[in-house]
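Q: I would like to go through this structure with you. Could we begin with a term I need?

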Amino acid sequence: GLAIAFKTNSSVIAAKWCVSKSRALPNMFPTAHKGVDLYIKRNGKWQFAGIGRVTGTCNDEIVISRMDNSEKECLLYLPLYDRVENVQIGVEKKAKISTLDNPFSKRILVYGSSIVQGTGASRPGMAYPARISRQTGLNFINLGLSGSAKMEPEVVDMVAAIDADAYILDCVPNTNPALITERTAYLVNTIRKKHPNAPIIVIQSIVRESGYFDKVIGETVKQQNLNIQQEVLSLLNKGVKDLYFITSEKMMGNDHEGTVDGVHPNDLGYERMLAHMQPLILEILSKYNIKPANN
């Protein structure tokens, strides 16, 4: 979820970066796993400009060329799933390049699973926290933890220690139903204690497409979503303030084409997720004067 913000008047932008020797996951695109992609602000909006392809452990790629020499605001997103080292940005010899202040305002922490991290997205900038950041001008921080985000108490303490204006908890997918019942209260109450006035938004798990045929998976997801709803209602009944809940019903559409592997959304699935969640999230945030900077 990290990106480098900079500005330059170069007509060419290149990137050098090194990653580990690990193999790309079978349900991930190589560019998302180990590559980079570039966005340039055009007519006031962030627009995709090009990718840095993965050719080996260390990569040297021209991302975009043959541009004009006007000053451009740029975001270079780094790999979603691999360690990255020695990042360099290349421009023409006579061009200028300088740092760009963080283009996103506020801090909305998104704690979740590989779905938050971006598995199934085609490239780094397509992970849903990055997309909603560009669309709103708000800083949605990607704290996606692939295969994890099971509301572990030690991790909850670390999440709560991060200062943010709002907290989105998309951590149901990897947490089994019993652990949801056991751990949700500690998660919410720990954040609430550390941040008394910050809104907390809890999101159900998306329906897993494989669960329509695999009855164990289907029943597990059904019970996960039922348990998290019960826990949130219980906390609200106990007087927890500024706590909100977003259901996943119809989040992925009804044509069953929204995943890359039956579990993780593809770009179409992430688009549908955002169409469902984003208006609800922004409506909640607006109550706390956290409003899109792009409007």
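This is a predicted model: local features need pLDDT of at least 70, side-chain atom pairs count only at pLDDT 80 or more; totals for chains, interfaces and linings use all residues.

Q: Good. What happens just after helix 6?
A: Gly239, which follows just after helix 6, takes a positive phi of about 95 degrees.

Q: And how many residues does helix 6 have?
A: Helix 6 covers residues 215–237 and has 23 residues. From its first C-alpha to its last, helix 6 reaches 33 Å, close to the 33 Å expected at 1.5 Å a residue.

Q: Which residues in helix 6 are buried?
A: They are Val221, Gln224, Asn225, Asn227, Ile228, Glu231, Val232 and Leu235.

Q: What do the buried residues of helix 6 pack against?
A: They pack against helix 5 (177–194), strand 12 (200–203) and strand 13 (243–246).

Q: Let us stay with helix 5. At what angle do the axes of helix 5 and helix 6 cross?
A: The two axes cross at roughly 35 degrees and come within 9 Å. The crossing of helix 5 and helix 6 is right-handed. On the helix 5 side, the contact is made by Pro177, Ala178, Ile180, Thr181, Thr184, Ala185, Val188 and Asn189. The helix 6 side includes Gln224, Asn227, Ile228, Glu231 and Leu235.

Q: New topic: how do helix 3 and helix 7 cross?
A: The axes of helix 3 (residues 128–136) and helix 7 (residues 267–286) cross at roughly 55 degrees and come within 10 Å. Helix 3 and helix 7 are therefore oblique to each other. Their crossing is right-handed.

Q: Which residues in helix 3 meet helix 7?
A: Tyr128, Arg131, Ile132, Gln135 and Thr136 do. Among the residues they meet in helix 7 are Tyr270, Met273, Leu274 and Met277.

Q: Where is Asp242, and where is Lys250 found?
A: Asp242 is in the loop between helix 6 and strand 13, while Lys250 is in the loop between strand 13 and helix 7. Asp242 is partly exposed, with a relative accessible area of 24%. Lys250, in turn, is exposed, with a relative accessible area of 71%.

Q: What does the side chain of Thr8 reach?
A: The side chain of Thr8 reaches the backbone oxygen of Lys96 at 2.6 Å. A polar atom of that side chain also lies 3.1 Å from the backbone nitrogen of Ser10. Leaving aside neighbours within four places in sequence, the contacts of Thr8 include Ile13, Ser70, Cys74, Val91 and Ile97.

How values were computed. Residues are numbered from 1 along each chain as its sequence is written. Side-chain values use heavy atoms; hydrogens and water are left out. Helices (H or I, at least four residues) and strands (E, at least two) are DSSP runs, numbered from the N terminus. The expected span of a helix is 1.5 Å times one less than its number of residues. Buried means under 20% relative accessible area, exposed over 50%, partly exposed in between (1.4 Å probe, protein chains only). Contact means heavy atoms within 4.5 Å. Axes are lines fitted to C-alpha atoms, for helices over the stretch in contact, and angles run from 0 to 180 degrees between N-to-C directions. Angles under 35 degrees count as roughly parallel, over 145 as roughly antiparallel, 65 to 115 as roughly perpendicular and the rest as oblique. A crossing is left-handed if the near helix is turned anticlockwise from the far one by less than a right angle, and right-handed if clockwise. A polar contact is a pair of N or O atoms within 3.5 Å; within protein, one must be able to donate a hydrogen and the other to accept it, and residues adjacent in sequence count only if both atoms are side-chain atoms.
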